[in-house]
Amino acid sequence: FYCSAEAKTVVIGLAADSGCGKSTFMRRLTSVFGGAAEPPKGGNPDSNTLISDTTTVICLDDYHSLDRTGRKEKGVTALDPRANNFDLMYEQVKALKEGVSVDKPIYNHVTGLLDPPELIQPPKILVIEGLHPMYDPRVRDLLDFSIYLDISNEVKFAWKIQRDMAERGHSLESIKASIEARKPDFDGYIDPQKQHADAVIEVLPTQLIPDDDEGKVLRVRLIMKEGSKYFTPVYLFDEGSTISWIPCGRKLTCSFPGIKFFYGPDTYFSHEVSVLEMDGQFDRLDELIYVESHLSNISTKFYGEVTQQMLKHSDFPGSNNGTGLFQTIVGLKIRDLYEQIVAEKAAAPAEAAKV
Ligand code: ADP
Ligand code: G6P
C-alpha cells in the first residue's frame with residue numbers, strides 16, 4: 001500500500017533571530033498558498049501555531065526545555081541549545097513528516113512557562129520557524145527547503161528600536177543592552193545556520209546614501225544555492241551573467257536615492273550560489289511589474305503575480321523594498337517546490353507497482 005508515501009508532509013525551515021521579520025514572511029508565504037493562516041480554533045489562546053488549509057507554521061520556541069525561570073536560574077538564554085529539546089523537536093517533526101499527529105508543547109510567551117501540549121495534525125506543508133531549525137543535523141535532514149533571514153546588526157537595531165521603543169516603551173539603552181547580551185549566543189548558535197540554508201535573505205544598510213545610519217533604505221540580497229533538485233535560482237535578464245541595473249527612468253518612478261539591482265554568480269560558504277540584489281525602494285508599487293517582467297524563474301502562475309501579491313499586502317513591513325519582494329519570490333519558489341514534490345510522489349506508486 002502507498003498511503004503513507006502519499007501523505008508525506010513537505011517540511012520548510014525558516015531561521016532568524018526574533019524580531020527579524022519571520023512572522024511577516026510567514027504571512028506572505030501563506031498568502032501565496034492561497035489563504036491566511038490563523039491560530040488553532042478553540043485551543044490555548046497563547047498557542048504560537050498558525051494553521052491554514054495547506055500549511056501549518058510551528059514556532060520552535062515551543063521546544064524550549066527550560067522556561068523563563070529555568071533559563072534565569074541556569075544563566076542561559078533562549079538561543080542556547082541547552083535551553084531547547086532537540087530530541088523532541090526531531091521526533092515530532094519526523095512524525096509529522098511521516099503523516100503522524102503529535103502532541104506538541106506550547107511555550108507561553110506571556111507567562112514564560114510551558115503550557116500543556118496541543119495536538120498538531122500532519123499538514124501538506126509544515127513550516128518550522130524560529131531560532132534553530134537548521135541547528136540539529138537530524139532536524140536539518142528532514143527539511144525539504146530552508147531559509148535564513150540574515151538581518152545585519154545596523155538594521156536589526158533600527159527595527160528593534162522602532163518596535164520596542166514605540167510599541168513596548170523600552171529605553172534606547174535597554175534595547176542596546178539586550179542586543180549586546182544576546183550577541184555571543186547569536187554568533188555561536190544562530191548565525192552559523194545560514195551556511196546550511198538553500199536561500200538566504202540578507203538585509204543591509206543602503207549603499208546609495210553615503211554613511212547612512214538610519215536603516216530606512218535597505219540593500220537586500222537574495223542568495224540562492226545552485227544545484228538543488230526542486231529549486232532553480234531566479235535570474236535577471238540572462239542566466240549566469242553579471243548585471244548591474246538601474247531601472248529608474250521612463251517606466252519606473254524613482255525619487256532619491258533611486259533603485260539599483262545587481263545579479264550574478266558568487267560563492268557562499270564554499271557553495272555555488274546566484275545572488276540577486278536590490279538596493280533602494282519603490283515609489284509606486286504598481287510599477288513593480290516593470291521589474292518583474294525582467295526577472296525569470298520566479299515560479300509565477302500568471303504574468304504579474306509577484307506584483308499582485310506585493311500590492312495585496314502593501315501594508316506589511318518591507319513592501320516597498322527588497323525584503324518584501326524577495327520574501328514574495330521565495331514564497332512562489334516554495335509553492336513550486338511543493339508542487340514538484342507532490343507530482344513526483346503521485347508518479348511514484350506506479351513506479352513501485354512495476355517492481
Ligand atoms: P519576528 O516574527 O521575527 O519576531 P516580525 O515579522 O514580527 O518578526 O517583525 C518584527 C518587527 O520588525 C516588525 O514589527 C517591524 O517593525 C520590523 N520589520 C520586520 N520586517 C521588516 C521589514 N521588511 N522592513 C522593515 N521593518 C520590518
Ligand atoms: C523567546 C524568543 C527569544 C527571546 C525569549 C525571551 O524564546 O524566541 O528570542 O529571547 O523568548 O527570553 P527571556 O529569557 O527574556 O524570557
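**Notes on a predicted model**

Mentor: Start here: the side chains of aspartate 150 and lysine 194 are joined by a polar contact of 3.1 Å. A polar contact is a pair of N or O atoms within 3.5 Å; within protein, one must be able to donate a hydrogen and the other to accept it, and residues adjacent in sequence count only if both atoms are side-chain atoms. This is a predicted model, where local features need pLDDT of at least 70 and side-chain atom pairs count only at pLDDT 80 or more, while totals for chains, interfaces and linings use all residues. Residues are numbered from 1 along each chain as its sequence is written, chains are lettered from A and ligands numbered from 1 in the order in which they are written, and side-chain values use heavy atoms, with hydrogens and water left out.

Trainee: Is aspartate 150 buried or exposed?
Mentor: Aspartate 150 is buried, at a relative accessible area of 10%. Buried means under 20%, exposed over 50%, partly exposed in between (1.4 Å probe, protein chains only).

Trainee: Which strand does aspartate 150 lie in?
Mentor: Strand β7. Strands (E, at least two residues) and helices (H or I, at least four) are DSSP runs, numbered from the N terminus.

Trainee: What is the bridge partner of aspartate 150 in β8?
Mentor: Glutamate 202. β7 and β8 (residues 199-205) run parallel, joined by five bridges. Two strands pair if DSSP finds at least two bridges between them.

Trainee: And how many bridges join β1 to β7?
Mentor: Four, and β1 (residues 10-15) also runs parallel to β7. There, isoleucine 12 has phenylalanine 145 as its bridge partner.

Trainee: Why is β7 largely enclosed?
Mentor: Because seven of its seven residues, 145-151, are buried. One side has Phe145, Ile147, Leu149 and Ile151; the other has Ser146, Tyr148 and Asp150.

Trainee: Switching to ligand 2. Which residues surround ligand 2?
Mentor: Ser18, Asp61, His64, Arg68, Arg71, Ala78, His109, Leu131 and Arg182. Each has a heavy atom within 4 Å of the ligand.

Trainee: How far is an oxygen atom of ligand 2 from the side chain of histidine 64?
Mentor: 2.5 Å, to an N or O atom of that side chain. For arginine 68, a polar side-chain atom is 2.6 Å from a ligand oxygen. For arginine 71, the distance is 3.1 Å.

Trainee: Last one: how many residues of helix α2 are buried?
Mentor: Nine of 11, in residues 22-32. Among them are Phe25, Met26 and Leu29. Glycine 34 follows α2, with a positive phi near 95°.
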